[in-house]
Amino acid sequence: MTEETTERTAPHGPEAVVALREVGVRRFTTDQVILDGVDWTVRPGEHWALLGANGAGKTTLLRLLGALMHPTSGSVEVLGARLGRVDVRELRARIGHVTSAQRVPQDLDAHTVVLTGHTGTVQPLWRSYDDEVRERARALLAELEIKELADRPYGVCSGGQRARILIARALMAEPALLLLDEPFNALDLPSREDLVEAMHRLAEGRPRLATVTVTHHLEELSPAVSHALLLREGRILTSGPVAEVLTGDRLTSCFGRPIAVNRHEGRWWAYSGRQSG
C-alpha cells in the first residue's frame, strides 16, 4: 500500500517550486508504464533526495522537473508554469541541471565552462560575457572552493572537481530549482566528502533555493537534505521529511531486501546483509 504524508497531500499553494498531480509517463513504443499516479510538491528552501532501485523512474521524474519531457497524463508545474502551456526553452533557462553526462569540451578551462552557464550553451559566446558576468563566474568557483581551477582545462580535472565546476555553471543563471542527477557518480571518498560539504554550504547560503538530488547511496546526502522521496516501479512509495522517510522499514520496502539505516550528526549510512558481532 502506498504511504502518504501531509507533505504529499497538502495543497501546493502559490509558492510551490514544483507541483505534480496524478502524473503518468508511458513509453510510446511499448506502452510500458514508467511513472504512475505521481503527486509531489517541492517548496522553496527544501532539499530533496530521490531514491529508488534502477529502473524505478528516477531519471524520468527528474527530466519532467527539468522541462525536458512532458507527461503522458496528469499535470506538471515548474516555477509556476505548467508544461504544455509554456515555452520550455525559457523555463529551462530558470532551472539548474547537473549531470555527469553533461557535454563539456575537454579543452575549456573551468572559468569558461562556468561562463557557458550564463548563455546555456556548450561553447562560449564571448560577446555575451561582460566584466560583471566574468566576475560572477569567478565568485562561484570561489564559493565552491575551486577558484584555483579557474585556468585548468576541464578535461584534466578530477571527477569531484568536475562536479563542482558543473554546479557552479548551473548556478550562473541564479536558478530557483537545482536538479542533480547522480552528481557523486564514480567519486572516491575524499571527492565525495568535498562535494557533500559543498552542497551543505550551498544550501546554507541560498535559503530560497530548492534542490532535488538523485542518488543511490545515503552516504552521499548532506545534512542540509530536508526531505526524501522513495520510488518503486514508477510509483511513490513514500515521501516527506527525511527523518520519517529514510527508515530501515521503508528502505527495505523500496529495495526489496533487508536494509538497516543509521544517522549521526546529520549524515546517513545504510547497509544490507550479515553484520559481524
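Throughout these legends, contact means heavy atoms within 4.5 Å. The model is predicted, so local features need pLDDT of at least 70 and side-chain atom pairs count only at pLDDT 80 or more, while totals for chains, interfaces and linings use all residues. Residues are numbered from 1 along each chain as its sequence is written, and side-chain values use heavy atoms, with hydrogens and water left out.

**View 1. The surroundings of L171.** Welcome to L171, a residue of helix α6 (residues 159–171); helices (H or I, at least four residues) and strands (E, at least two) are DSSP runs numbered from the N terminus. Leaving aside residues up to four places away in sequence, L171 touches R136, L140, L178, L202 and R206. L171 counts as buried because its relative accessibility is 2%, and buried means under 20% relative accessible area (1.4 Å probe, protein chains only).

**View 2. An open sheet of 4 strands.** Here you can follow the order β2-β1-β4-β5, with antiparallel pairing; two strands pair if DSSP finds at least two bridges between them. The edge strands, β2 (33–42) and β5 (81–82), each pair on one side only. Between β1 (residues 18–26) and β2 there are 6 bridges, and V25 stands opposite L35 in β2.

**View 3. The hairpin of β11 and β12.** Strands β11 (residues 260–264) and β12 (residues 267–271) run antiparallel, joined by 5 bridges. Look for R263, which stands opposite W268 in β12. The hairpin has 2 residues between its strands, and E265 in the turn has a positive phi of about 50°.

Technical notes: Buried < 20%, exposed > 50% of the residue type's maximum accessible area, 1.4 Å probe, protein only.
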